[in-house]
Amino acid sequence: MPCGEDWLSQPLGIVQGFFAQNGVNPDWEKKVIEYFKEKLKENNAPKWVPSLNEVPLHYLKPNSFVKFRCMIQDMFDPEFYMGVYETVNRNTKTRVLHFGKYRDVAECGPQQEVDMNSPRTTTLERQTFYCVPVPGESTWVKEAYVNANQARVSPSTSYTPSRHKRSYEDDEDMDLQPNKQKDQHAGARQAGSVGGLQWCGEPKRLETEASTGQQLNSLNLSSPFDLNFPLPGEIGPACLVKVYEDGDCFKVNDILELYGILSVDPVLSILNNDERDASSLLDPMECTDTAEEQRVHSPPASLVPRIHVVLAQKLQHINPLLPACLNKEESKTFVSGFMSELSPVRAELLGFLTHALLGDSLAAEYLILHLISTVYTRRDVLPLGKFTVNLSGCPRNSTFTEHLYRIIQHLVPASFRLQMTLENMNHLKFIPHKDYTANRLVSGLLQLPSNTSLVIDETLLEQGQLDTPGVHNVAALSNLITWQKVDYDFSYHQMEFPCNINVLITSEGRSLLPADCQIHLQPQLIPPNMEEYMNSLLSTVLPSVLNKFRIYLTLLRFLDYSISDEITKAVEDDFVEMRKNDPQSITADDLHQLLIVARFLSLSAGQTTLSRERWLRAKQLESLRRTRLQQQKCVNGNEL
């Protein structure tokens, strides 16, 4: 473990040290950031930082250094805070200067009070993001992060960091701890101690805030607090993230890895209560907010902890098997090493997906192209690189689509299966909308981060009537597929949010949703027990091979690609010949489709430029796909 735990357990003490050395000179803030940057470069130090994604909140010590992998779900208005403030001792009239950065509550000893009129007080601004765990994050991703991390924590016994009393049970717990930890906890309770927080208030009343249920009651909530997760069934903490530097670099739906100081002070839960004088602790501007806005923007800290960000990084991806930033020099060795063994990985993945698609190797080829596709640029409003696939011919009233999704879940870092039943289409909220009363963005199913795999299961759609919300939801899906954007509802107007979502539609006939490519499934075998078949398929793949599949599918999305002038000329000539031979059926759209297939076919083989061989192979795949659709059309006598 990195030498010296103080920066992990008492980061505010480190900050205090720099503040004391530099006073009001703003250089102390840069020195704090540099200090933690350097610490995180030592001896795999990031692995020793406890993660809110993995460690229960009650196991974490208040004001400790933590990390959090999350998506920005909403951005609140900037808030003002006291960057520097002065306290006065009532008895001795001694004045002490404090920093307010990385804190929610003013540090104030039993005999001290904040001098609000001090000329040395400075008011600064910070951004507040509402962040949630990455929606649809796969189980294997969570497990890999857990296994990689080496932070080992035990339940925190000082939830209220500076209470004047503690219960008998707390005393027993403290006696069970190592002396070093015991001393740290004791030190945190001393007035004016490093990292400890003191406040003027009633200690007994503050202690009653410790349980979630009591906190909910203190806020007069009629129902459990809504954590506003975009997808149903998600677990994990939501956090209010306070950002001090480069807040303008981030936007809604970005995935971040944050390092910062955890704040879970129970005093943060005190709102609208005349019995408690919290005016010196909370933002004085909050009195102008509505009760609903206060409820949402200042939820119980035990449900929605605060993180004061020291370092923040926007993540390219969340695959723990790859370096976080693939553009850095140190990542190039990893990338070149993996690219050298790409061919056998592709061959094994093709075989694996062929089995998953019941022996259909052509469908497996297209599924690989779909899984590595990504929007690489936008030309005006047209997103280039999207490759939505409609896998038609899926057996109805079968568990095939469910198990196919489970296979995809094992391969991609984040995914969601939308069961397209009439009930879901008519009642689920797809589009995020602005709640002006609470001043927050209420999430919807389509508020997803880039590179999420969205599998729409249309085989579950039965006969019936789509009502108005259902029609709007279908339109939202069509909009997402066609333009790779979601129009968030702000009541008086709509706001476009560009996205990069891989959409796979499974259906019996042709989908009612638009798709870039339709491939009709031709099963070569029908297993008597689909669940047993899929389970045995997964169990026969070695974990090391499965990890190679995962690296392959993530890495290829980030490779650069180009077409030489020579190949461009050859493609143009080829297209002219195709038009001569079949002017009725070959259009400019077909050329675009061929170029997309050729692009991802080349990348799937690890080639970053288009070759004549790959162009011919793309034409062959498209010819086979079209022939199959024509055959199916002749069999059924209607259009697929």
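User: Where is N44 found?

Analyst: N44 lies in the loop between helix 3 (27-39) and strand 1 (65-89). Helices (H or I, at least four residues) and strands (E, at least two) are DSSP runs, numbered from the N terminus. This is a predicted model, in which local features need pLDDT of at least 70 and side-chain atom pairs count only at pLDDT 80 or more, while totals for chains, interfaces and linings use all residues. Residues are numbered from 1 along each chain as its sequence is written, and side-chain values use heavy atoms, with hydrogens and water left out.

User: In what order do the strands of the open sheet lie?

Analyst: Two strands pair if DSSP finds at least two bridges between them. Here, an open sheet of five strands has the order 11-14-17-10-18, with parallel pairing. Its edge strands are strand 11 (415-419) and strand 18 (517-520), each of which pairs on one side only. Neighbouring strands of this sheet are turned by 20° against each other on average, direction ignored. Strand 11 and strand 14 (residues 453-457) run parallel and are joined by five bridges; within this pairing, Q419 has D457 as its bridge partner in strand 14.

User: Which strands does helix 15 lie across?

Analyst: Helix 15 (residues 468-483) lies across strand 11, strand 14 and strand 17 (502-506). The helix runs at about 125° to strand 17. For such angles, axes are lines fitted to C-alpha atoms, for helices over the stretch in contact, and angles run from 0 to 180 degrees between N-to-C directions.

User: Which residues does T401 touch?

Analyst: Contact means heavy atoms within 4.5 Å. Not counting residues up to four places away in sequence, T401 touches C394, R417, D457, T459 and T506. T401 belongs to helix 13 (residues 400-409) and is buried, with a relative accessible area of 4%.

User: At what angle do the axes of helix 11 and helix 17 cross?

Analyst: Two packed helices are described by the angle between their axes and the distance between the axes. The axes of helix 11 (residues 342-356) and helix 17 (residues 543-555) cross at roughly 105° and come within 10 Å. The two helices are therefore roughly perpendicular to each other; angles under 35 degrees count as roughly parallel, over 145 as roughly antiparallel, 65 to 115 as roughly perpendicular and the rest as oblique. Helix 11 contributes L342, V345, R346, E348, L349 and F352 to the contact, and helix 17 contributes V545, K548, F549, Y552 and L553. By class, this contact has eight nonpolar, no polar and three charged residues. Ala, Val, Leu, Ile, Met, Phe, Trp, Tyr, Cys and Pro count as nonpolar, Asp, Glu, Lys and Arg as charged, and the others, Gly among them, as polar.

User: How many residues of strand 5 are buried?

Analyst: Five of the five residues of strand 5 (residues 239-243) are buried, so the strand is largely enclosed by the rest of the structure. C239, V241 and V243 point one way from strand 5, and L240 and K242 point the other way. Strand 4 (residues 122-132) pairs with strand 5 in the antiparallel sense over five bridges, with T128 opposite K242. Strand 7 (residues 306-314) pairs with strand 5 in the parallel sense over three bridges, with L240 opposite R306.

User: How are the rings of F19 and W28 placed?

Analyst: A pair of aromatic rings is described by the distance of the centres and the angle of the planes. Rings of Phe, Tyr and Trp (its six-membered ring) pair if their centres lie within 6.5 Å; planes under 30 degrees apart count as stacked, over 60 as edge-to-face and the rest as tilted. The whole structure holds 17 aromatic pairs. The ring centres of F19 and W28 are 5.3 Å apart and their planes stand at 80°, so this pair is edge-to-face. F19 is buried, with a relative accessible area of 3%, and W28 is buried, with a relative accessible area of 3%. Elsewhere, ring pairs link W7, F18, Y35, F36, F65 and Y259 into a cluster.

Note on methods. Buried < 20%, exposed > 50% of the residue type's maximum accessible area, 1.4 Å probe, protein only.
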